[in-house]
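The following exercises concern one protein chain. Please examine the sequence and the model before reading each solution.

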Amino acid sequence: MKIRGAVLDHIGLPRPYATSAPLTIADLDLAPPGENELLVRVEAAGLCHSDLSVIDGNRVRPVPMLLGHEAAGVVERVGGETDLTVGQRVVLTFLPRCGQCAGCATDGLAPCVPGSAANGAGTLMDGDIRLSREGEPVMHHLGVSGFADHAVVDRRSVVPVDADVPPVLASLLGCAVLTGGGAVLNAGRPRPGQTVAVVGLGGVGMAAVLTALAHDDVHVVGIDPLGDKLERARALGIHDACTPEEATDRGLKAAVVIEAVGHPAALETAIGLTAPGGRTITVGLPRPDARITLSPLGFVAEGRSLIGSYLGSSVPARDIPRFVQMWRDGRLAVESLVSSTIGLDQINAAMDELADGNAVRQIIEFG
Ligand SMILES: [Zn+2]
Ligand SMILES: [Zn+2]
């Protein structure tokens with residue numbers, strides 16, 4: 001079938017992206033789903049820093065690639081035998097889990113081994129490529145490629161949700177909420193009376209804030225250099241919000257500190273704000289050559305830990321229903337992560353907004 005989507009042909013084009021247009025809105029061919037695959041009509045897709053990292057070359061992926069890894073939609077066709085039926089709403093998740101490898105045996109701590117290999121190669125889980133343009137293959141982004149009106153995905157890349165979960169909300173569950181919220185639930189695990197500090201108040205950081213706020217008797221502090229983001233966090237009910245300099249000057253210390261920026265300076269800030277006995281959790285994806293300076297003595301003498309958390313140490317099939325339940329209970333205002341809704345044609349300018357740090361979550365809604 002013919003689909004319309006946003007294809008990256010060249011990595012590392014200069015800013016502004018509104019002018020250099022790294023993403024081409026193109027007509028593509030999408031082959032039917034194979035065994036254990038699904039054709040999904042995409043309803044909503046979010047723009048995330050990990051898309052930007054492919055555009056600017058910080059995460060090297062094969063091109064041409066149809067980007068987008070945070071999306072939700074409805075199953076239109078199933079390939080072979082699966083447990084899902086046509087009409088089922090699904091969250092597309094960017095780390096397929098086979099459930100059988102050494103990584104999948106770690107209860108979310110480590111990524112799936114074949115899932116990661118497929119993501120690196122730009123294929124679906126079984127190595128297939130269903131996208132092409134004028135006869136030439138186009139790679140899949142993290143098994144999702146959600147910046148298009150339709151996608152073929154592996155069954156292991158989706159989690160079903162009930163029809164009353166709105167599509168925009170469902171799309172956010174796939175990356176921002178799993179990553180930021182999972183960092184709180186799976187890696188941070190704050191106890192009553194503790195403080196959770198979140199460094200970086202973009203989509204992932206704000207998802208961590210909302211998840212921490214869902215806990216009883218946990219004090220939540222947001223840290224970001226941008227006043228607009230601090231204001232937004234205050235409007236969503238955060239207990240305290242300040243710049244990194246203010247946090248350091250005030251001697252702020254938190255039992256759980258989540259770094260959601262992907263920059264070494266932010267991680268150094270997060271480590272400095274971690275209380276004795278506390279955990280620093282890093283979920284941001286910095287440049288591969290990024291380095292930090294830290295004092296090993298501080299970790300030993302103060303009994304602190306530094307934890308890397310990919311996708312919030314999540315098992316999507318386990319954790320997405322937990323977040324849906326929190327939303328149903330009125331404790332997780334996922335929709336408040338949306339800062340604007342855009343059309344597919346506006347995607348290059350929207351990448352500028354994201355790179356400038358102006359956006360929390362920009363969502364593409366498909367008609
Ligand atoms: Zn993402
Ligand atoms: Zn696995």
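**Exercise 1. Overall build**

Among contacts in the protein chain between residues at least 6 apart in sequence, what percentage join residues at least 24 apart?

Solution. Residues are numbered from 1 along each chain as its sequence is written, and chains are lettered from A and ligands numbered from 1 in the order in which they are written. The model is predicted: local features need pLDDT of at least 70, side-chain atom pairs count only at pLDDT 80 or more, and totals for chains, interfaces and linings use all residues.

Step 1. Two residues are in contact if their C-beta atoms, placed from the backbone, lie within 7 Å. Of the contacts between residues at least 6 apart, 70% join residues at least 24 apart.

Step 2. The C-alpha trace spans about 60 × 45 × 35 Å along its principal axes. The radius of gyration, taken over C-alpha atoms, is compared with a globule rule of 2.2 Å times the number of residues to the power 0.38. For 367 residues a compact globule would have a value near 21 Å, and the chain's 20 Å agrees with this.

Step 3. The chain holds 11 helices and 18 strands; these are DSSP runs numbered from the N terminus, helices (H or I) of at least four residues and strands (E) of at least two.

**Exercise 2. Strand E9**

Determine how strand E9 (residues 150-154) is placed in the structure.

Solution. Step 1. A residue is buried if 20 or more other C-beta atoms lie within 10 Å of its own, exposed if 12 or fewer, and partly exposed in between, with C-beta atoms placed from the backbone. In E9, 5 of the 5 residues are buried, so the strand is largely enclosed by the rest of the structure.

Step 2. In a regular strand the side chains alternate between the two faces of the sheet. On one side of E9 the buried residues are His150, Val152 and Asp154, and on the other Ala151 and Val153.

Step 3. Strands pair if DSSP finds at least two bridges between them. E9 pairs with strand E3 (residues 37-46) in the antiparallel sense over 5 bridges, and Leu38 stands opposite Val153.

**Exercise 3. Residue Met65**

Is Met65 buried or exposed?

Solution. Step 1. Met65 lies in strand E4 (residues 65-66). Met65 has 22 C-beta neighbours inside 10 Å and therefore counts as buried.

Step 2. Leaving aside residues up to four places away in sequence, Met65 touches Leu8, Val54, Gly122, Val138, Met139 and His141.
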